[in-house]
Amino acid sequence: PKTEFFGTLEVVEYNWVQNASLKGSMLPLGTLTLGATSQFYDNERYAGAFSARLLLPTASTVPNTRLIGGEVGHASSLRPLSWLEVHTYLGADLSAGIGRGPSLARLGAVLTAGVQLSPFSFAALVIDATGRLGPKSYFAPSVALRFRVFRLGIELAGTLPLVGTDRHDFNFGGRFSWRI
């Protein structure tokens, strides 16, 4: 009852790039991950869990290369009020490319802190700040709307990297989840 196994698949990943001399877009299959989270401690207001996740080499965003990796981390959640959650996540990851060129193994760390406002049991507003250190470093605030319709979870989220080596102007994503 305190362990969850999960998988994620980016069925569609759309990338559009434009600068002074290049312009292009692609619509490849995204990443597939498998993982587990286990809650190690909890009470009425506070909970903490450890997680591990594997990144399988499915994404084809980089020609002739597939990305593989893993991540371990710790998540915590504090609920001072029934409709307010303060949460954090601290994780470390390792990834490398499999292909014709060098693997370019990368080690990184991420820290996320934020709040979730849930005025209704079926809807929430999430505001996070994420900092990442590694070859791709950034500080980025994000906002998400989450909805639950029976067992279907829907999330619409946007992220704006403010500083760092991440060259995105803005990221927007939609995510669906089904709880079995």
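Among the elements of the chain, which has the lowest mean pLDDT and which the highest? The lowest mean pLDDT, 68, belongs to strand 2 (residues 15–18), and the highest, 97, to strand 9 (residues 123–133). Here pLDDT is the predictor's confidence in each residue, on a scale from 0 to 100. Over the chain the mean pLDDT is 89, and 94% of the residues reach 70 or more. The structure is a predicted model, in which local features need pLDDT of at least 70 and side-chain atom pairs count only at pLDDT 80 or more, whereas totals for chains, interfaces and linings use all residues. Residues are numbered from 1 along each chain as its sequence is written, and side-chain values use heavy atoms, with hydrogens and water left out. Strands (E, at least two residues) and helices (H or I, at least four) are DSSP runs, numbered from the N terminus.

Strand 6 (residues 65–81) and strand 7 (residues 84–99) run antiparallel and are joined by 15 bridges. These two strands form a hairpin with two residues between them, and Arg-66 stands opposite Ile-98 in strand 7. Strand 7 also pairs in the antiparallel sense with strand 8 (residues 106–120), over 12 bridges. In that pairing, Ser-95 has Arg-106 of strand 8 as its bridge partner. The hairpin of strand 7 and strand 8 has six residues between the strands, and Leu-104 there takes a positive phi near 50°.

Val-110 is located in strand 8. Its relative accessibility is 11%, so Val-110 counts as buried; the term buried denotes a relative accessible area under 20%, exposed over 50%, and partly exposed in between (1.4 Å probe, protein chains only). Leaving aside residues up to four places away in sequence, Val-110 touches Glu-71, Tyr-89, Leu-90, Gly-91, Thr-130, Gly-131 and Arg-132, where contact means heavy atoms within 4.5 Å. One of these residues, Thr-130, lies 20 residues from Val-110 along the chain, and the C-alpha atoms of the two are separated by 7.1 Å.

Ser-137 lies in the loop between strand 9 and strand 10 (138–149). With a relative accessible area of 16%, Ser-137 is buried. A polar atom of the Ser-137 side chain lies 2.7 Å from the backbone oxygen of Gly-134. Beyond residues up to four places away in sequence, Ser-137 touches Arg-132, Val-163, Gly-164, Thr-165 and Asp-166.

The structure holds three aromatic pairs. Because the rings of Phe-40 and Phe-50 have their centres 5.1 Å apart and their planes at 80°, this pair is edge-to-face. Rings of Phe, Tyr and Trp (its six-membered ring) pair if their centres lie within 6.5 Å, with planes under 30 degrees apart counted as stacked, over 60 as edge-to-face and the rest as tilted. The pair links distant parts of the chain, with Phe-40 in strand 4 (residues 32–42) and Phe-50 in strand 5 (residues 46–56), 10 residues apart. Phe-40 is exposed at a relative accessible area of 56%, whereas Phe-50 is partly exposed at 41%. A further aromatic pair, Phe-120 and Phe-122, is stacked, at 5.4 Å centre to centre and 20° between the planes. Phe-120 is partly exposed, with a relative accessibility of 49%, and Phe-122 is partly exposed, with a relative accessible area of 44%.

Note on methods
Polar contact = N/O pair within 3.5 Å; in protein donor to acceptor, adjacent residues only side chain to side chain. Pairing = 2+ DSSP bridges.
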